Amino acid sequence: MMRKSMLTAFLVASALPALADPPGDILDLLGARAPGAENQMQARGYVAVKNNDWWNEKTGVCVRVHVSQGRYQTIDMLSPIDCGMKAAEESDGDAPTEPSRAAMDACMNSADALQEEETGSSVVKHAKRSGKNWVLTMSTLGRASHCTVTQAGEVITMDP
């Protein structure tokens, strides 16, 4: 009986989604076999920079992949510095210190659409530079999402 409950606990723990917060464009790679997932990372614009750290120049996103038993178990977002990229402040002295109104409006509208709420329901809770772009944490009636956006207001990704 104890053996059966241990097996059940293992299977349940193995099936749980990762507690990391990976970008939406690679979320589907959790649980994938590592060799195939690496090809998918490259096809989606990520470049391996060291060990299991990957950089996406277009989105300015750095992630670390944790592999266990040959499969992607978790994908953690990191600072661009962790991928060997300079912080926005270091690389461009004229870089804005906060997102533009266009960037915030674009993400608020995208969050409203993602959460299927009426326009004006979303607010920006946090903003962080990621390379040349911004990652905004949105709140839509208490539901969080993440928006990667350019300073000009072009939404690159919108993740629940």
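Asp159 touches Pro23, Gly24, Asp25, Leu114, Ser145 and His146, leaving aside residues up to four places away in sequence. This residue belongs to strand 8, which spans residues 155–159. The structure is a predicted model, and every value below is computed from it. Asp159 is buried yet takes part in no salt bridge. The nearest side chain of opposite charge is that of Arg44, 10 Å away. A polar atom of the Asp159 side chain does, however, lie 2.9 Å from the backbone nitrogen of Gly24, and Gly24 is also one of the residues that Asp159 touches.

The setting of this residue can be described from the chain as a whole. The protein chain contains 4 helices and 8 strands. Read from the N terminus, the elements follow the order α-α-β-β-β-β-α-α-β-β-β-β. The chain has 160 residues, of which 36% count as buried. Its accessible surface amounts to about 9500 Å², and carbon and sulfur atoms account for 54% of that area. Among contacts between residues at least 6 apart in sequence, 44% join residues at least 24 apart.

The buried residues of helix 2 are Ala34, Ala37 and Met41. Viewed down the axis of helix 2, these buried residues fall within an arc of 60°, and they therefore line one face of the helix. They pack against strand 1, strand 2 (53–56), strand 3 (61–68) and strand 4 (71–78). Just after helix 2, Gly45 adopts a positive phi of about 95°.

Gly45 is also among the residues touched by Asn56, a residue of strand 2. Asn56 has a relative accessible area of 3% and is therefore buried. Leaving aside residues up to four places away in sequence, Asn56 touches Asp25, Arg44, Gly45, Tyr46 and Val61. A polar atom of the Asn56 side chain lies 3.2 Å from the backbone oxygen of Arg44.

Arg44 leads on to the charged pairs of the structure. Side chains of opposite charge can pair when their charged atoms come close. A search of the whole structure finds 4 salt bridges. In one of them, Arg44 pairs with Asp28, and the closest N and O atoms are 2.6 Å apart. Arg44 lies in the loop between helix 2 (34–43) and strand 1 (46–50), while Asp28 lies in the loop between helix 1 (2–15) and helix 2, so the pair ties together parts that are 16 residues apart in sequence. Arg44 is partly exposed, its relative accessible area being 25%. Asp28, at 51% relative accessibility, counts as exposed.

Arg143 counts as partly exposed at 33% relative accessibility. Glu117 is likewise partly exposed, with a relative accessible area of 30%.

The salt bridge between Asp105 and Arg101 has an N to O distance of 3.1 Å. Both residues lie in helix 4 (residues 101–114), 4 residues apart, which is about one turn of the helix. Asp105 counts as partly exposed, at 32% relative accessibility.

Finally, Glu98 lies in the loop between helix 3 (88–91) and helix 4. Is this residue buried or exposed? With a relative accessible area of 56%, Glu98 is exposed. Leaving aside residues up to four places away in sequence, Glu98 touches Trp134 and Gln151. Glu98 and Trp134 are 36 residues apart along the chain, and their C-alpha atoms are separated by 8.6 Å.

Definitions and conventions. Residues numbered from 1 in each chain as written. Predicted model: local features only at pLDDT ≥ 70, side-chain atom pairs only at ≥ 80, totals over all residues. Heavy atoms only, no water. Helix = DSSP H or I, 4+ residues; strand = E, 2+ residues; numbered from the N terminus. Buried < 20%, exposed > 50% of the residue type's maximum accessible area, 1.4 Å probe, protein only. Contact = heavy atoms within 4.5 Å. Areas by Shrake-Rupley, 256 points an atom, 1.4 Å probe, with all protein chains shown as cover. Arc of directions from axis to C-beta. Lys, Arg positive; Asp, Glu negative; His and termini not counted. Polar contact = N/O pair within 3.5 Å; in protein donor to acceptor, adjacent residues only side chain to side chain.
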